[in-house]
Amino acid sequence: MSGALLVLVAACGGPVEIARPPSRDRAACEALADRLPERLADLDPVPFTPEDADGGAWGDPPITLTCGVGVPRGFGPASSCIAANGVDWFAPDDETQDNDSDITLTTVTLTPRVRLHVPATYRGGTLAAALVDLAGPLTETLTAGTRCL
């Protein structure tokens with residue numbers, strides 16, 4: 001498992017761990033981090049480590065955002081996307097079909113890619129609100145590619 005896939009909560013209740021972006025993505029991820037909302041989907045921010053990871057964490061259990069990630073598991077040319085306020089996201093079919101599981105969405109038409117891990121407890125309205133809250137910062141700071149069909 002690559003470092004970019006690492007999203008863990010410390011067993012002792014400490015800060016959420018988020019991977020740093022690769023150096024090639026650092027400038028864009030820093031710009032995004034500066035624009036992330038203080039509260040996401042009405043959830044309070046929670047500490048994360050390292051502090052310079054250029055991501056975010058909100059709520060308990062935390063929704064986490066990691067910038068500078070690779071191609072998501074299961075994504076290919078025939079994959080479908082979830083469009084939300086101008087941002088195309090991909091989530092593995094097994095996660096989208098199981099409303100009782102966590103869901104991990106990855107932007108697939110923005111550079112660098114961003115991964116949003118959402119605990120099952122937030123599926124539905126909170127997830128939808130999070131995608132709306134993130135759309136502006138994502139589209140204003142990252143490079144857009146060809147939209148999903």
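Me: Where does Pro-50 lie, and what makes the bond that joins Thr-49 and Pro-50 a cis peptide bond?
Reply: In this predicted model, Pro-50 lies in the loop that runs between strand S3 (48–49) and strand S4 (56–58). The bond from Thr-49 to Pro-50 has an omega of about -10°, and it is a cis peptide bond. Most peptide bonds are trans.

Me: Which other residues does a cis peptide bond join?
Reply: Thr-111 and Pro-112, with omega at about -5°. Pro-112 is again a loop residue, placed between strand S9 (110–111) and S10.

Me: Back in the loop between S3 and S4, what is the phi of Asp-54?
Reply: Asp-54 sits in that loop and has a positive phi of about 55°, although it is not a glycine. Most residues other than glycine have a negative phi.

Me: And how do you know whether Asp-54 is buried or exposed?
Reply: Set the value against the cut-off: buried means under 20% relative accessible area. Asp-54 has 10% relative accessibility, so it counts as buried.

Me: Asn-85 has a positive phi too; why is Asn-85 called buried or exposed?
Reply: Phi of Asn-85 is near 55°, and the residue is found in the loop between strand S6 (82–84) and S7. Exposed means over 50%. The relative accessible area of Asn-85 is 53%, so Asn-85 is exposed.

Me: What makes a set of residues the largest nonpolar core, and which of its members touch the most others?
Reply: Members must be buried nonpolar residues joined through side-chain atoms within 4.5 Å. The largest such set has 28 residues, and Leu-32, Leu-65, Trp-89, Leu-116, Val-118 and Leu-138 touch the most other members. At least two core residues come from each of helix H1 (26–35), strand S5 (63–69), strand S7 (87–90), strand S8 (103–107), strand S10 (113–118) and helix H3 (125–141). H3 gives the most, with six residues. In soluble globular proteins, nonpolar side chains tend to be buried together.

Me: Which residues is Leu-32 in contact with, leaving aside neighbours within four places in sequence?
Reply: Contact means heavy atoms within 4.5 Å. On that basis, the partners of Leu-32 are Leu-65, Cys-67, Val-114, Pro-137, Leu-138, Thr-141 and Leu-142.

Me: How do you know that the radius of gyration agrees with a compact globule?
Reply: For 149 residues, a compact globule would have a radius of gyration near 15 Å; the protein has 14 Å, so the two agree. The C-alpha trace spans about 40 × 35 × 30 Å along its principal axes. Buried residues make up 43% of the 149.

Me: What is the pattern of helices and strands along the sequence?
Reply: There are three helices and eleven strands, in the order β-β-α-β-β-β-β-β-α-β-β-β-α-β.

Terms used
Residues are numbered from 1 along each chain as its sequence is written. This is a predicted model: local features need pLDDT of at least 70, side-chain atom pairs count only at pLDDT 80 or more; totals for chains, interfaces and linings use all residues. Side-chain values use heavy atoms; hydrogens and water are left out. Helices (H or I, at least four residues) and strands (E, at least two) are DSSP runs, numbered from the N terminus. The radius of gyration is taken over C-alpha atoms; the globule rule is 2.2 Å times the number of residues to the power 0.38. Buried means under 20% relative accessible area, exposed over 50%, partly exposed in between (1.4 Å probe, protein chains only).
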